Amino acid sequence: MAKKWPWADRADQLNQVEQLKLKQDGLDIIDEIIHIYAKEGFESIPEEKFALFKWAGVYQQRPKSDGYFMLRVRIPSGILTSKQVRVIAQLAQEYGRGLIDVTTRQAIQYHWLRIEHFPDIFRRLNEVGLHSWEACGDCPRNIVGNPLAGIDPYELIDTRPIVEELEKTFLLNREFSNLPRKYKISVSASIYNPANAQINDLAFTPAVKEIDGEEVVGFHVWVGGGLSNRPHLAKQLDIFVRPEQVVEVAKGITTVFRDYGYREKRHKARLKFLVADWGVDKFLEVLTGVIGPYPSRGIDKTVSWNAGYFNGVHPQKQKGLYYVGLNIPIGRTSADEFFQLADLADKYGSGGLRTVNTQNIIIPDVPEDKVEQLLEEPLLKRLSPKPKTFTGYAVSCTGNEFCNLALTETKDLMRRVAEYLDEEVELDTPIRLHINGCPNSCGQQQIADIGLMGGKMRTAKGMVEAYTISIGGHLFGAGKFNTQLKGRIQADEVAPVLKGLILFYKEQRKPNETFGQF
Ligand code: SF4
């Protein structure tokens, strides 16, 4: 049952999804999937219910009529155990044709699932502490974080307990399961902003402040970031938050979004539109009415942006231990590789694995004397710690292989383009390539050195798939979205055009000039 929310009084002004959410809380769909639709089959699902499936982490796969689904699994801060990784692999093998995608929010995505599979999948995920609940939908999604939390020499504090507390607070909490739109939280205490603070609805980044003569480590707070076709960079509020206050502040900001966020037009409902209209001062004033006053900003401790890349062998904060960052080409892996990763984590590390928002993976806690042996493992030929310049820095959304909203293919094109550039262009610095199959920007193309966005283009032969190219995005400092170049190109033109662009950069750049500065 849905709560009686105050905005029900203006129901006639709200969009269709809002009308549906007034009748039924999105979380109700979990029980319905388990107890009704999984038993009665795909044909028994009323059309209007599919919009609520997202609260269970479930999307219809393209084409909808075939009755297949995708499922996203939350992995807060990307932290996994080998036991969890084996369950993820088993489920992919049994139900998902062995396919596993790592997403740009550190989550896992399955494909090819049938409605009958879900009770068993939900149960087995839950048994190892994993959930697909609210991995999609108008609710707090997977909390992204520093994949090195707890082992990072460059973090001010270990953010794992904070992320756990946030997860407990928001997951399946019906106070926050009917937000105006999707809601993305990021938490990191690393000085290198690995959790892409500025593109989240709510982000916590490391800061210090002198309070009563003592230097306190805590966070600065950013609100109103998000990509899609009207991207916004988050803005910092003038508050300083102690680690033990993060949950209260997050609840307060989520409450403001829930109660004041726009519910009339779906394409204007993200928190970014409210923040843009109000400005940060008004936002903070309203927030203060909810959570009370907080001290003003301290000193920001973010010094740079590592773009979420951890490839290679690096020392941890624990002396004698190393983490090994592996590339998963285009974020696509398999049950077989996940089983092998779990084995490697047990054999060489402490049984942990960490997913990364660049669709890659890390094996932590490897003692110095085992590193060389790990690097010799056959799996690391494909999941390389030293990937090639372009394949190693290529990110792709799902695209029209499975996604109903896609206008173009993505993963295969990006794989071919990256491989071509690796063959054709010699470069001493990585260039980050991202691709989206539509303006929704799951592939985060706006923060790429070179971003591709799929669309359609009219030609003499009719409408064809085509891509825009944008250059120079980054999240250093306040961040900057890339700039779109004129025109669109077809799929077979992408590789040669990017080659020309990159060679131009190579010839014209000043010493140490990165692509983003170019
Ligand atoms: Fe689908 Fe568009 Fe998201 Fe790609 S960016 S996964 S095509 S919705």
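Me: What makes two strands count as a pair?
Reply: Two strands pair if DSSP finds at least two bridges between them. This model is predicted.

Me: How do you know that β15 and β16 pair?
Reply: Strand β15 (residues 352-355) is joined to strand β16 (residues 361-367) by 2 bridges. The cut-off is at least two, so they pair. The two run antiparallel. R354 stands opposite I362 in β16.

Me: Which helix packs on the sheet, touching β15 and β16?
Reply: That is helix α9 (residues 335-348). Its direction makes about 20° with that of β16.

Me: What is the strand order of the open sheet that holds β15 and β16?
Reply: The order is β3-β15-β16-β13-β12, with antiparallel pairing.

Me: Why are β3 and β12 called edge strands?
Reply: β3 (79-81) and β12 (312-315) each pair on one side only. From one strand to the next, the twist averages 30°.

Me: How do you know that β1 pairs with β2?
Reply: 3 bridges join β1 to strand β2 (residues 69-73). Pairing needs at least two, so this is a pair. The strands run antiparallel. Y59 has M70 in β2 as its bridge partner.

Me: What is the order of the open sheet with β1 and β2?
Reply: Its 5 strands follow the order β1-β2-β5-β4-β14, and the pairing is antiparallel.

Me: What makes β1 and β14 stand at the edges?
Reply: β1 (58-60) and β14 (332-334) each have a single partner strand, so one side of each has no neighbour in the sheet.

Me: Which helix lies across β2, β4 and β5?
Reply: Helix α3 does, running at about 20° to β5.

Technical notes: Residues numbered from 1 in each chain as written. Predicted model: local features only at pLDDT ≥ 70, side-chain atom pairs only at ≥ 80, totals over all residues. Helix = DSSP H or I, 4+ residues; strand = E, 2+ residues; numbered from the N terminus. Axes fitted to C-alpha atoms, helices over the stretch in contact; angles between N-to-C directions. Contact = placed C-beta atoms within 7 Å.
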